[in-house]
Amino acid sequence: MAPRPNAGWPRPSPSAGASPPGVSLCRALSKLGLCSRKQAEILVAEGRVQVAGKIVRNGSLRVDPGRDRIEVDGSRVVAERKVYLMINKPRGLVTTRDDPHDRGTVYDCLAELDLPFVSPVGRLDKASEGLLLMTNDTRFAQRLLDPASHVAKIYHVQIGALPDAALLARLRAGATVDGEDLTVRSIDILRSGASTAWLEITLDEGRNRHIRRLLGAHEVEVLRLVRVAIGRLQLGDLAKGKARHLTAEELALFQG
């Protein structure tokens with residue numbers, strides 16, 4: 001007997017208490033490097049996505065990106081090559097794909113590169129600068145963002161004050177802001193001027209506007225904030241607003 005079309009689809013429901021297999025359809029489209037999850041939701045809602053030959057309008061449907069045939073507009077979606085980029089983000093750009101206020105985004109820095117869909121690894125706010133990683137390797141990104149990995153993020157921060165030992169001690173002690181404990185791994189003075197100073201601040205994890213909120217809690221004004229390293233990867237001499245692929249040697253810095 002000939003097999004039935006789409007045999008085995010949909011898969012049997014998992015037993016009670018078991019986790020559903022695979023990932024959501026929208027996440028699968030993102031993991032495969034086609035688009036963001038938000039864009040995937042639109043594609044699914046418009047009826048442009050098929051799984052095993054059937055149109056699916058439920059973006060939460062669990063699928064296996066490695067086994068299931070997923071198509072968009074009749075073309076099969078296959079995994080894109082893995083891409084790892086570093087950007088020297090300028091001030092004024094937002095870390096998002098599409099901005100409802102039509103502001104410049106970090107994707108403007110990628111205009112000269114032929115790339116599959118990539119996402120930022122973490123964020124830098126609009127007023128912050130420096131090293132930002134982008135990739136379509138979700139496991140790589142999750143590993144770097146997981147607080148348990150303790151990947152250091154190093155920032156050079158210009159402040160509108162001349163810190164003394166007492167202020168440094170308070171900053172090193174951290175602060176609780178809006179119910180969040182904001183701490184640093186280390187903080188040291190790089191150099192001082194007449195009325196401003198540059199600090200080097202190292203974080204184990206980065207919460208939303210972590211450094212700005214911490215310094216603000218101690219009434220310290222942030223004038224500039226530049227991320228200069230992630231783990232052992234240095235920003236180096238990459239020009240502001242430019243992007244490049246990580247080398248094999250640089251990727252190896254994140255192994256183990």
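1. The lining of the largest pocket is made up of 17 nonpolar, 15 polar and 15 charged residues. Here Ala, Val, Leu, Ile, Met, Phe, Trp, Tyr, Cys and Pro count as nonpolar, Asp, Glu, Lys and Arg as charged, and the others, Gly among them, as polar. This pocket has a volume of about 1,200 Å³. Of its 47 lining residues, Pro 120, Val 121, Gly 122, Arg 123 and Leu 145 are the closest to its centre. A pocket is found on a 1 Å grid over the protein atoms alone, as an open set of points where a 1.4 Å probe fits, with protein on both sides within 12 Å along at least five of seven lines; lining residues have an atom within 4 Å of a point. Grid points are joined across faces, edges and corners, and the volume is the space filled by probe spheres set on the points.

2. On the source: this is a predicted model, in which local features need pLDDT of at least 70 and side-chain atom pairs count only at pLDDT 80 or more, while totals for chains, interfaces and linings use all residues. Residues are numbered from 1 along each chain as its sequence is written, and side-chain values use heavy atoms, with hydrogens and water left out.

3. The chain has six helices and 17 strands; helices (H or I, at least four residues) and strands (E, at least two) are DSSP runs, numbered from the N terminus. Its C-alpha atoms fill a box of roughly 85 × 45 × 40 Å along the principal axes. Of its 256 residues, 43% count as buried. Buried means under 20% relative accessible area, exposed over 50%, and partly exposed in between (1.4 Å probe, protein chains only).

4. Helix 3 (138-145) gives the most to the pocket lining, with five residues. Other elements that each supply at least two lining residues include helix 1 (25-31), helix 2 (37-45), strand 8 (119-121) and helix 5 (210-217).

5. Gly 122 sits in the loop between strand 8 and strand 9. Its relative accessibility is 22%, so Gly 122 counts as partly exposed. Beyond neighbours within four places in sequence, Gly 122 is in contact (heavy atoms within 4.5 Å) with Thr 95, Leu 132 and Leu 145.

6. In helix 2, the buried residues are Ala 40, Leu 43 and Val 44. Seen down the axis, they fall within an arc of 95 degrees, so they line one face of helix 2. The arc is that of the directions from the helix axis to the C-beta atoms. Exposed Lys 38 and Ala 45 are on the face turned away from the buried side of helix 2. Cover for the buried residues includes helix 1, strand 2 (49-51) and strand 5 (70-72). Gly 47, with a positive phi near 75 degrees, follows helix 2.

7. Helix 4 (residues 165-173) has Leu 167, Leu 168 and Leu 171 buried. Their arc around the axis is only 100 degrees, which puts them on the same side of helix 4. Exposed Ala 165 and Ala 173 are carried on the face turned away from that buried side. The cover over the buried residues of helix 4 includes strand 13 (186-192), strand 14 (197-203) and helix 5. Gly 174 follows helix 4, and its phi is positive, near 80 degrees.
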